[in-house]
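Q: Can we go through this one together? I'd like to start with the strands and then move to the helices.

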Amino acid sequence: MEAKRAQRLSNAAAALRERGLPLTVQRRALLERFLGCTDHPAADTLHAHVARRIPGLSRATVYRTLETLVELGLAVRIAHPGWEVRYDPRVDQHHHLVCDACGAVDDWEAPALARLPLPPRSSGFQATRYTVQFRGLCADCARSGPRRGAARS
Ligand SMILES: [Zn+2]
Ligand SMILES: [Zn+2]
């Protein structure tokens, strides 16, 4: 696991360097936090976390790094209507549980979801991939009742 993570980090660092984004102390800390995360953070959330530890990390660096990772196919952007963009370091097909109250996004996988029929070519639409979003309340919010106003929407 550790070795795999180190490998991902060095792959991402090499790809970013080729795009003219060198591996500074700040960008390294950002990658370490982001590549291991499962909470689908927004750029500002990620910035707040990492900048607490690594002063000098600018918002612009966070945005540019995340967007470049998306262009390189090393991260995906997930957008929900009315929300700020969130980023996911997992690029293999998986699905999401989205809490309408607090904005938490968890990964979800189920064998049946891998077998959804794609729209046929005759529809004129060429589907290449899909992600299913289940909307509702996360375990915490379901327990305490929806906290209105805490939502990101
Ligand atoms: Zn919640
Ligand atoms: Zn995900």
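Q: Which residue in β4 stands opposite histidine 95?
A: Tryptophan 108 in β4 stands opposite histidine 95. Keep in mind that this is a predicted model.

Q: How many bridges join β3 to β4, and do they run parallel or antiparallel?
A: β3 and β4 run antiparallel, and 4 bridges join them. Leucine 97 is part of the picture too, standing opposite aspartate 106 in β4.

Q: What is between the two strands of that hairpin?
A: The hairpin of β3 and β4 has 5 residues between the strands. Glycine 103 in this hairpin takes a positive phi near 85 degrees.

Q: And in what sense does β3 pair with β5, parallel or antiparallel?
A: Strand β3, residues 95-99, pairs with β5 in the parallel sense, over 4 bridges. Leucine 97 stands opposite phenylalanine 134 in β5. Valine 98 stands opposite arginine 135 in β5.

Q: What order do the strands take in the sheet?
A: The order is β4-β3-β5. These 3 strands form an open sheet with mixed pairing.

Q: Which strands are at the edges?
A: β4 (105-108) and β5 (133-136) are the edge strands, each pairing on one side only. Neighbouring strands of this sheet are turned by 25 degrees against each other on average, direction ignored.

Q: OK, helices now. Which residues of α2 are buried?
A: Helix α2 covers residues 25-35, and its buried residues are Arg27, Leu30, Leu31 and Phe34. Seen down the axis of α2, these buried residues fall within an arc of 100 degrees, so they line one face of the helix.

Q: What does that buried set pack against?
A: The buried residues of α2 pack against α1 (2-18), α3 (43-53) and α4 (59-71).

Q: Which residues touch the most others in the largest nonpolar core?
A: Leu30, Ala43, Leu46, Val62 and Leu66 do, out of 14 residues in that core. The elements giving two or more residues to this core are α1, α2, α3 and α4. As a general point, nonpolar side chains tend to be buried together in soluble globular proteins.

Q: Pick leucine 46. What does it touch?
A: Leaving out residues up to four places away in sequence, leucine 46 touches Leu30, Arg33, Phe34, Pro41 and Val62.

Q: Back to α1. How far does it reach?
A: α1 has 17 residues and reaches 25 Å from its first C-alpha to its last. That is close to the 24 Å expected at 1.5 Å a residue. Just after α1, glycine 20 takes a positive phi of about 85 degrees.

Q: Where is alanine 13, and what is it in contact with?
A: Alanine 13 is in helix α1. Neighbours within four places in sequence aside, alanine 13 is in contact with Leu23 and Leu31.

Q: Why does alanine 13 count as partly exposed?
A: Alanine 13 has 16 other C-beta atoms within 10 Å. A buried residue needs 20 or more and an exposed one has 12 or fewer, so alanine 13 is partly exposed.

Q: How far is alanine 13 from arginine 27?
A: Their C-alpha atoms are separated by 8.8 Å, with alanine 13 and arginine 27 standing 14 residues apart along the chain.

Q: Last one. What about the phi of histidine 40?
A: Histidine 40 has a positive phi of about 50 degrees, although it is not a glycine. Most residues other than glycine have a negative phi.

Q: Where is histidine 40 found, and is it buried or exposed?
A: Histidine 40 is in the loop between α2 and α3. Histidine 40 counts as buried because it has 20 C-beta neighbours inside 10 Å.

Key:
Residues numbered from 1 in each chain as written. Chains lettered and ligands numbered in written order. Predicted model: local features only at pLDDT ≥ 70, side-chain atom pairs only at ≥ 80, totals over all residues. Arc of directions from axis to C-beta. Contact = placed C-beta atoms within 7 Å. Pairing = 2+ DSSP bridges. Axes fitted to C-alpha atoms, helices over the stretch in contact; angles between N-to-C directions. Core = buried A, V, L, I, M, F, W, Y, C linked by C-beta atoms within 7 Å. Expected span 1.5 Å × (residues − 1).
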